[in-house]
Amino acid sequence: MLPGAATASAGPAEARAATATATATATATSAASTAAAATADAPRAGGPLVIAHRGASAYAPENTLAAVDRAGDLGIDWVENDVQRTRDGALVVIHDDTLRRTTDVEKVFPDRAPWKVKDFTAAEIARLDAGSWFGARWAGERVPTLKQFLNTVDANRQKLLLEIKGPEQYPGIEKDILRVLRQEGWLDRAHVEEKLVIQSFSADSVRTVHQRRPEITTGFLGTPAAAELPAYAAFTDQINPSYTSLTAGYVAAVHRLKGPHGKPLTVSTWTVNDAAGAVRVRDLGVDGIITNNPDVVRDAVG
């Protein structure tokens, strides 16, 4: 039986403003929809993709536009992020379900503990400093909206592995995310074929995305038992486990199955931050490596 969720993601933002603006179900879709995920979900022949975890988060504050730009500076095409929803329905990019660790929310709103993202409006979150915790040079970085994040990724000609974070806290967030993606041009053929994967630790959330937009490449975060993998293959194109649970046999078991788009399932593992670890998972046969240190991993497996 499938689980609903699994347990287990330079310089001030103002300086960047100009750049930021410049399955069974699948059988019911058209042949074009079947082809739409061919690039994003095909196993890698030339080595694993390197995916910058929350942006290049070893070098800039995670999930900020600065981290996206830093990944771009390093020549990294793929970035990963985490999307949550504010009290007034806006979508913002932040990992924790509280604002405490990566912003100055305790200083700005001292009486609002436990500082849950879902308890703050978008305008309130926009006031917070999301960079100083990482270093003084990052003072003034903000928690970006999903729209801002998408625009920066697009401006940098990068690609996005979008994680729906804690969807059980945000009923209907899949519909909201798909709406913003559509509004920002991310559901056109070019983006869907080559530039977008949506993943989650929640099987229900991944299934919802697949049912709503079958052409989108999807990923399940976690390590389902090998016997359960065929059920996942009905609605997801990727199985993305922690590197700590990874074996060559498991990767091979994933690769033997075809996903909803008729392509072999792929594996992107997380979070690998050193050269030796990168080489190890590459040799296990993974298709992608999610990392805070994308330059280190790229140089090790390239």
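Reply: In this predicted model, the buried residues of helix H8 pack against strands S2, S3, S4 and S5 and against helices H7 and H10. Those buried residues are Ile-173, Glu-174, Asp-176, Ile-177, Leu-178, Val-180 and Leu-181. After H8 comes Gly-185, with a positive phi near 85 degrees.

Me: Why is the pair Lys-165 and Asp-82 called a salt bridge?

Reply: The closest N and O atoms of Lys-165 and Asp-82 are 3.9 Å apart. The cut-off is 4 Å between a side-chain nitrogen of Lys or Arg and a carboxyl oxygen of Asp or Glu, so the pair qualifies. This pair links distant parts of the chain, with Lys-165 in the loop between S4 and H8 and Asp-82 in strand S2, 83 residues apart. Both Lys-165 and Asp-82 are buried.

Me: Which other residue meets Lys-165 in a salt bridge?

Reply: Glu-163 does, at 3.1 Å from N to O, and Glu-163 is buried, as is Lys-165. Glu-163, Lys-165 and Asp-82 belong to a network of salt bridges that also includes Arg-54, Glu-62, Asp-96 and Arg-101.

Me: What makes Arg-207 and Asp-204 partly exposed?

Reply: The relative accessible area is 22% for Arg-207 and 40% for Asp-204. Buried means under 20% and exposed means over 50%, so values in between are called partly exposed. The side chains of Arg-207 and Asp-204 meet in a salt bridge at 2.7 Å, N to O. Because they are three residues apart in helix H10, about one helical turn separates them.

Me: How many salt bridges does the structure hold?

Reply: It holds 16.

Note on methods
Residues numbered from 1 in each chain as written. Predicted model: local features only at pLDDT ≥ 70, side-chain atom pairs only at ≥ 80, totals over all residues. Heavy atoms only, no water. Buried < 20%, exposed > 50% of the residue type's maximum accessible area, 1.4 Å probe, protein only. Helix = DSSP H or I, 4+ residues; strand = E, 2+ residues; numbered from the N terminus. Contact = heavy atoms within 4.5 Å.
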